[in-house]
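Please keep the sequence and the model in view while reading.

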Amino acid sequence: MPETPKIPPEAAFERFLHEKHERGEKKYEHISGRIAVENLPSDHLYRWIAEWMNLQLSDVGVTSTGGVALPPLHFELVRVNNGIAAAHTFEAVEWGFIVMTQPMFDEMLRLSRLVVSQNAAFFSLQIAPSADAEKTARLLLLMQFCFVSAHEYSHLVRQHLEDHPPHADVLGAVLSQAQEIDADGYGIYHDLPYFFSGAGRPLASRLLNTSSSKSLDSSILSCFLLAGMIQFCARWAGKIQIESDLSTEHPPLPLRINYMTLFVEMWCREVGELPTTWMTDGTLRNYFSAAAGLFQPEMKTAWDQQIAWLKSPNGENYCAEIRKGIDRLRTGTIEP
Ligand SMILES: [Zn+2]
């Protein structure tokens, strides 16, 4: 484990932010400060999630970073003055920070409650017959949070933020989009063991009020896939570009959801020894409808247009470029 810095993380964060504001750096302009979760009641959700996250981060040893030496990591929930829902990661004053804005957290909570209430029959019949809706929503909140925070964490572990990140020279324009999917995949491989066999399992069992091992497995899987799709839809709602190219930072939504399900399927097959029939039996389509149903109908239209573009010759070339980039980041080689 790295040595604990002398300056406490809260103070390091405030100092970092103050310096960025003094220098007028645009990137951090909208962040007005940390939320002092330690002053909130102990059952407040902001405090619950921040304490939960910092406990996870204090546990990160070299084993789960694949040998990459990281500074000690710390999470902060921050106030913003522009309402933007976002998460960031950066290193500052001996600490590595993972930061989430309050609107993003609030949005996760709102969407978690909404998906449970809009799909009440599904949740009470298939996910958690004896759980109360608010607790089911809390598990979906935690999973969305894990999805985003593990993605941010993976950018650090996979050295995407370095001045010369791995494979940058070979990948060129495809680098940043391939890194996004690489971070999704690495994050998913971090989250799934936590929920299926780590401390997340008893937590999920309590929230869903289920102790049967088999039904818990299937409920965890369903909630995780749903939470992932909800997060992706939330990030894209209202701003889907129909045609994509390598100049943007993020790959298009259908591609990212597709890779997410591939990573989950791969984990179930290779690590979790869990069934993967959900890949082909229509389950994913139903989950996507439930996730997309939380947003404006225009999103579904834009989605259909984007799928059509991805199947066009230009779209297929684009997907092939991305696939080569991801393979290179994950295996260190390019397939012929
Ligand atoms: Zn990212």
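Leaving aside its neighbours within four places in sequence, with which residues is Leu140 in contact? The residues are Ser112, Val115, Cys223, Leu226 and Ala227, a contact being a pair of C-beta atoms, placed from the backbone, that lie within 7 Å. The model is predicted, so local features need pLDDT of at least 70 and side-chain atom pairs count only at pLDDT 80 or more, whereas totals for chains, interfaces and linings use all residues. Residues are numbered from 1 along each chain as its sequence is written.

Leu140 also belongs to the largest nonpolar core, which has 78 residues. Such a core is a set of buried Ala, Val, Leu, Ile, Met, Phe, Trp, Tyr and Cys residues joined through C-beta atoms within 7 Å; a residue is buried if 20 or more other C-beta atoms lie within 10 Å of its own, exposed if 12 or fewer, and partly exposed in between. Leu140 is listed with Met143, Cys223, Phe224, Leu226 and Met229 as having the most contacts inside this core. Helix H5 (residues 133–157) gives the largest share of the core, 14 residues. The core draws at least three residues from each of domain 1 (1–100) and domain 2 (119–331), with bounds that come from an automatic or database domain assignment.

The chain contains 13 helices and four strands; these are DSSP runs numbered from the N terminus, helices (H or I) of at least four residues and strands (E) of at least two. An open sheet of four strands has the order S1-S2-S4-S3, with mixed pairing, where two strands pair if DSSP finds at least two bridges between them. Strand S1 (31–34) and strand S3 (87–92) are at the edges with a single partner strand each, so one side of each has no neighbour in the sheet. Strand S2 (residues 73–80) and strand S4 (residues 95–101) run parallel and are joined by six bridges; Glu76 has Val99 in S4 as its bridge partner.

Helices accompany this sheet. Helix H3 (residues 102–118) packs on it, touching S2, S3 and S4, and its direction makes about 90° with that of S2. Helix H1 (residues 9–22) lies across S1, S2, S3 and S4 and runs at about 165° to S1. Axes are lines fitted to C-alpha atoms, for helices over the stretch in contact, and angles run from 0 to 180 degrees between N-to-C directions.

Finally, consider the whole chain. Buried residues make up 36% of its 336 residues. Its C-alpha atoms fill a box of roughly 55 × 50 × 40 Å, taken along the principal axes.

Definitions and conventions. Two residues are in contact if their C-beta atoms, placed from the backbone, lie within 7 Å.
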